[in-house]
Amino acid sequence: MRLEHHYYELNSMHTGGRHGRFHIALRPDCEVYRGHFPGNPVCPGVCHIQTVKELTERLTGCRLRIRSIRLCRLKAVATPSACPELCVDISLSDTDGGLLVEARMADAERTYMDFKGEMTKEDTRTE
Amino acid sequence: MTREDILTLIPQRDPILMVDELLEAAPDGGTATLTVRPGNYFLGEDGRMEETGLLEHIAQSASAVAGHHALAAGATAPPVGYIGEIKKFHCHRLPQTGEELRTTVRLGPEAEGVTLLAAETRADGELVADTQMKIYIPRG
């Protein structure tokens with residue numbers, strides 16, 4: 001799955017070292033809203049997590065896997081009409097064998113998601 | 001229960017329908033399955049399902065149990081629920097296309113529409129993912 005150009009467009013990014021700030025626009029025409037939910041488009045929380053993963057891959061330049069989520073709070077129901085543009089802040093630090101990713105997705109009105117989890121670089125060896 | 005039945009238990013539809021069947025439902029939990037098929041919305045480039053697909057499958061498994069109980073209590077449509085919180089999620093490996101996921105959900109107490117749950121997802125008996133989650137089902 002690739003959510004960029006489907007679920008969201010990246011309007012701008014500012015990255016420095018281990019921090020990134022990304023401004024994204026949610027696409028109301030994304031196919032996911034056909035099923036979530038019919039006649040009632042609501043952003044799936046898991047798509048916000050996937051968006052954080054993709055933006056963290058952009059920040060690090062590596063394909064990543066989510067090894068664990070310590071805590072992810074979806075604090076407000078998001079829809080592409082209620083919050084068409086979102087700011088995603090991502091901070092990285094090292095953790096045991098991986099990367100601790102802390103992210104917040106918000107607009108001027110409210111915070112939609114706070115995420116704290118571990119990601120690791122994709123193991124591309126064939127199993 | 002058949003795939004047709006799942007459409008009566010949860011409000012999600014293609015392309016994000018992530019449960020095939022609810023195998024069993026009890027007051028304190030249940031078990032649901034999903035076979036990872038080609039074309040699944042959450043498949044990565046390498047044909048394995050992304051972690052977020054596991055999370056959505058777990059949430060919909062819990063939603064199917066809640067839907068079963070809501071319909072038994074007289075509801076005419078499946079309740080719409082949202083993931084409120086994910087805690088202590090571990091992904092042990094990514095599922096491959098063709099594998100059947102079997103998820104067991106244990107429901108905790110419900111307060112003001114929020115239900116705490118714990119879930120384990122296995123494929124062929126092997127633990128694939130486990131998590132705690134809070135699901136919010138607004139009262140209609």
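**Where the chains meet**

I counted polar contacts first, and found 15 residue pairs in polar contact between chain A and chain B, both residues at pLDDT 80 or more. I note that this is a predicted model.

Next I asked which elements of chain A supply at least two residues each to the side that touches chain B. I found helix 1 (45–60) and strand 3 (64–74) of chain A. Strand 3 of chain A gives the largest share of that side, 10 residues.

I then sorted the residues on the side of chain A that touches chain B. I got 16 nonpolar, five polar and 10 charged.

I looked up the contact totals as well. Here 31 residues of chain A are in contact with 33 residues of chain B.

The size of an interface is often given as the accessible area lost when the parts come together.

**Salt bridges**

I counted five salt bridges between chain A and chain B. I looked up one pair: Arg48(B) and Glu122(A) join their side chains in a salt bridge, at 3.1 Å from N to O.

How many cavities of 30 Å³ or more does the structure hold? I found one. The largest cavity has about 50 Å³ of space.

I checked the lining of the largest cavity next. Among the residues there are Met1(A), Arg2(A), Lys53(A) and Arg63(A), with Glu45(B) and Glu50(B) from chain B. I sorted the lining into one nonpolar, one polar and seven charged residues.

Terms used: Residues are numbered from 1 along each chain as its sequence is written. Chains are lettered from A and ligands numbered from 1 in the order in which they are written. This is a predicted model: local features need pLDDT of at least 70, side-chain atom pairs count only at pLDDT 80 or more; totals for chains, interfaces and linings use all residues. Side-chain values use heavy atoms; hydrogens and water are left out. On a 1 Å grid over the protein atoms alone, a cavity is a set of points where a 1.4 Å probe fits but cannot get out, and a pocket is an open set with protein on both sides within 12 Å along at least five of seven lines; lining residues have an atom within 4 Å of a point. Grid points are joined across faces, edges and corners, and a volume is the space filled by probe spheres set on the points. Ala, Val, Leu, Ile, Met, Phe, Trp, Tyr, Cys and Pro count as nonpolar, Asp, Glu, Lys and Arg as charged, and the others, Gly among them, as polar. Contact means heavy atoms within 4.5 Å. A salt bridge is a side-chain nitrogen of Lys or Arg within 4 Å of a carboxyl oxygen of Asp or Glu. A polar contact is a pair of N or O atoms within 3.5 Å; within protein, one must be able to donate a hydrogen and the other to accept it, and residues adjacent in sequence count only if both atoms are side-chain atoms. Helices (H or I, at least four residues) and strands (E, at least two) are DSSP runs, numbered from the N terminus.
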